[in-house]
Amino acid sequence: MKKVLKHIWVVLMLLVCVFTFRTNAYAQGTTVESGQYGENVFWVLDSDGVMTFSGTGAMWDAVGDHEMYDYHPCPWTDYRDSIKKVVFSDGITYVGAGAFWGCENLETIIFTDTITYIGNFAFYYCEKLGNVDLPQNLE
């Protein structure tokens, strides 16, 4: 009988450990979608609504005169309502025109000082966006 109770106790402890690990992994935000949006610019959107950009160089533009400019529709269009925070890592130099147009739940943007230019309408219709600390090197 003691052996059976000991085995049950071990199994219960293993279940507690597994459940705790799975809960903690989700609490940190799991990847919902990711991709590339620039020659060397990559993005990840997590389940907490945090969108992080990494890499180097400029993002592509999402809006512009289609005959004159290189135009790339945003791959995160279907997730616009989920985006709450955008974080730019060191190395990103340009925020694409219209990139976050209509992200109505976007509240926070964390810029890096490597960003020197923000394209037209990049944050147009971001109605919940409050005060933003702009990069020091912005032109």
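F121 lies in the segment after β8, and its phi is positive, about 60 degrees, although it is not a glycine.

A few words on the model itself. This is a predicted model, in which local features need pLDDT of at least 70 and side-chain atom pairs count only at pLDDT 80 or more, while totals for chains, interfaces and linings use all residues. Residues are numbered from 1 along each chain as its sequence is written, and side-chain values use heavy atoms, with hydrogens and water left out.

**Around F121**

The segment after β8 also holds Y125. Y125 has a positive phi of about 60 degrees too, and is not a glycine; with a relative accessible area of 46%, Y125 is partly exposed.

**Aromatic pairs**

Rings of Phe, Tyr and Trp (its six-membered ring) pair if their centres lie within 6.5 Å; planes under 30 degrees apart count as stacked, over 60 as edge-to-face and the rest as tilted. By this rule there are 16 aromatic pairs. One of them is stacked: F88 and F111 have 5.6 Å from centre to centre and 5 degrees between the planes. This pair links distant parts of the chain, 23 residues apart, with F88 in strand β5 (residues 85-88) and F111 in the loop between β7 (108-110) and β8. F121 and Y124 form an edge-to-face pair, because their ring centres are 5.2 Å apart and their planes stand at 80 degrees.

| Residue | Relative accessibility | Class |
|---|---|---|
| F88 | 3% | buried |
| F111 | 13% | buried |
| Y124 | 36% | partly exposed |

F88 and F111 also belong to one aromatic cluster, which is formed by Y37, W43, F53, W60, W76, F88, F100, F111 and F123.

**Strands and sheet**

Helices (H or I, at least four residues) and strands (E, at least two) are DSSP runs, numbered from the N terminus. The chain has 1 helix and 8 strands, and from the N terminus on its elements run α-β-β-β-β-β-β-β-β. Two strands pair if DSSP finds at least two bridges between them. Which strands make up the open sheet of 3 strands? Its order is β4-β6-β8, with parallel pairing. The edge strands are β4 (57-58) and β8 (117-118), each of which pairs on one side only. Strand β6 (residues 92-95) and β4 pair in the parallel sense over 2 bridges, and Y94 in β6 is the bridge partner of A58. Strands of a sheet pair through backbone hydrogen bonds, either parallel or antiparallel.

**The chain as a whole**

Of the 139 residues of the chain, 29% count as buried. With contact meaning heavy atoms within 4.5 Å, 37% of the contacts between residues at least 6 apart in sequence join residues at least 24 apart. The chain exposes about 9100 Å², and carbon and sulfur atoms supply 56% of it. Accessible areas come from the Shrake-Rupley method with a 1.4 Å probe; for residues, only the protein chains shown count as cover.

Note on methods. Buried < 20%, exposed > 50% of the residue type's maximum accessible area, 1.4 Å probe, protein only.
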